[in-house]
2 protein chains.
Amino acid sequence: MRISTSYGRRTYALKCWRCGLELDTLSTNHTCSRCGEPLFAEVNLGEISRRGIESLVLRELKKVTLGEGRTPLIDHGRFLLKLEFLNPTGSFKDRGAALTISRALAASWRTVIEDSSGNAGIATAAYSARAGIKARIYAPADAPAGKLRLIKAFGAELRTVKTRDEAHKAALEDRSGVYVGHVVEPFFIEGIKDVALELVKSGSEFEVVVVPVASGTLFLGLYKGFKELVELGHIDEVPTLIPVEACGYSKLSRYLKSVSLACAEGERSVLADALRLTIVPRLQQIARAAGEVSPYVVTVGDEAIGESMRELYSMGLPVEPSCAAVYAAAKYVARDFSGRVVVPLTGSGLKYVPVPNELIDKYLF
Amino acid sequence: MRISTSYGRRTYALKCWRCGLELDTLSTNHTCSRCGEPLFAEVNLGEISRRGIESLVLRELKKVTLGEGRTPLIDHGRFLLKLEFLNPTGSFKDRGAALTISRALAASWRTVIEDSSGNAGIATAAYSARAGIKARIYAPADAPAGKLRLIKAFGAELRTVKTRDEAHKAALEDRSGVYVGHVVEPFFIEGIKDVALELVKSGSEFEVVVVPVASGTLFLGLYKGFKELVELGHIDEVPTLIPVEACGYSKLSRYLKSVSLACAEGERSVLADALRLTIVPRLQQIARAAGEVSPYVVTVGDEAIGESMRELYSMGLPVEPSCAAVYAAAKYVARDFSGRVVVPLTGSGLKYVPVPNELIDKYLF
């Protein structure tokens, strides 16, 4: 996919990658009014370069912060573990929420609406609280109870519906605020790009990044970040990105060679609650990017997730089950590459372990 | 108090601040064999200086890491909030545990023993897991259930007794491993010094730091760190440090002018579970340092802690109750100073909020 840098004196715009339509960044549109494609925010890379590439996001865009980003990267043999669960509310979603809510503040939106399996709802609730904006979060009733409690603790209005997909539909139908759902919000992805920059700037050599995919914000954020770093002459090429999905929730196996790890016949993952999404508005974009940089997708079942989670705790890392799926995939992927494998550990286990849970406790205790 | 830098070619040693006795750093002693004073680790500041003061700890001391430190510092009006709850296991104790367990690894200790109200036990369990060392943690049975579950999730052996003080006594009596309790361990304090360095290096001006005090590791770590930065010529003087204690658990009010915030008659705080310690081996050292840099101590009651916790969540910050006590104190302290006030937010609320709790829920929901 081509990304354009020709904004002249303008520093950023909303843009359709398919038809090239440009919209003002304060537009409430998240999809192209001409062709329906979810939009991207695009920054003037010349301006980024002029400032010494401290960030792939212009500082003036970030009006709301809780100190997200610059997470630790630690060595573990063949793996480089990027501890994204140490963002302020315990997941990488904080990076996206910071920019999303910054835009909401700049545009004087008074109520924002989000749908989430948990982490993005928590992030949106916390950053909205920080900005003094009202947040309404739609979530599935079977999301981890601890996550739902955290959404409410930040003062957001929580509306639970039956499934993750119903949450998405209900949020889209709610007209009493501005929909900023991370599954389509352009600035959410924009906020995530700096994961790519931080990996490159760390100076650690790596060949491949394994990436959990539900709505694809991390995958597209990394892809866009690495693409921009290529355009800026910082790296030669986008590294290999291997998408990871949960058994029973694979959308990419239609488009890519698929490797299944411990998926039982007909299994639908329960442990990987953050990956249980079937409506993916950016699916075509993810598939197109994956077509360029991904040799295959890995789907992981609960037995492998549980074992991998146990291993991560035995390494001192309090992660959530969904990102244990990514570590399980990484161990498979490492056999196919000679270079080091980056493993983003995306969500905190502190939202889970304090609450007794038969399925999780089976592996941890 | 005088701190010495005269180690010649030696880079560090264990030292008694009272009588000057020096011991090898791999000694299992934590108190002076001559006068009973808890020891400090002392580093060769000339060597620190020669390396450009990247850290107040020599890199080669840190053999075990989970990416602790370099936590965000965010602006909030008169306050600078240091987000120590974003350390790997959710508290500032990770900084101390990293160095403590590094020493255990260097000394080939196979089992370490710790006593804790929760966070230090979690940190010791996680870093021991990372190092492949067996950990046994003594904790009070009424510690937050989520914290006790986390200690076990990292594979440590948890032994619960009736009170925090009994946990300390039982740990000291356990001879089947090396006692590394943070309440006396010299390297634990050594690991915390970099909070002072990070504050100074941030470039943000501040006049005073409010500091929660239970066993005093953060207070003494900051004091020692700032002292060393003065010796290194990085700052002119140690900033004012205001200790904060919980109602019913004040040890410093015997030594300092005391300000009480919402302490009911005879109140013993329940919310500030991390501050409920009465046996404080380093109390004389804390009192002496406070005599130099603290005009008064603030004690905070549960009503003020609860209200302050509610306020922090409404700012998007998921903290634990004990560090809400510090923010409550900071709001009082700000009236006495014209400069900015640093507020270390020391523990994560993600260990609490997922679990229903009548006392906490009253303030958050």
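B:Ser108 counts as exposed because it has 8 C-beta neighbours inside 10 Å, where exposed means that 12 or fewer other C-beta atoms lie within 10 Å of a residue's own, buried means 20 or more, partly exposed lies in between, and the C-beta atoms are placed from the backbone. The model is predicted, and local features need a pLDDT of at least 70, side-chain atom pairs count only at pLDDT 80 or more, and totals for chains, interfaces and linings use all residues. Residues are numbered from 1 along each chain as its sequence is written, while chains are lettered from A and ligands numbered from 1 in the order in which they are written.

Although B:Ser108 is not a glycine, its phi is positive, at about 60 degrees, and the residue is found in the loop between α2 (93-106) and β6 (111-115) of chain B; helices (H or I, at least four residues) and strands (E, at least two) are DSSP runs, numbered from the N terminus. In chain A, A:Ser108 lies in the loop between α2 (93-106) and β6 (111-115), with a positive phi near 60 degrees, and A:Ser108 counts as exposed because 8 C-beta neighbours fall inside 10 Å.

Between the chains, 36 residues of chain B are in contact with 36 residues of chain A, contact meaning that the C-beta atoms of two residues, placed from the backbone, lie within 7 Å. On the side of chain B that touches chain A, α3 (119-131), α4 (145-153) and α10 (302-314) of chain B each supply at least two residues, and α4(B) gives the most, with six residues.
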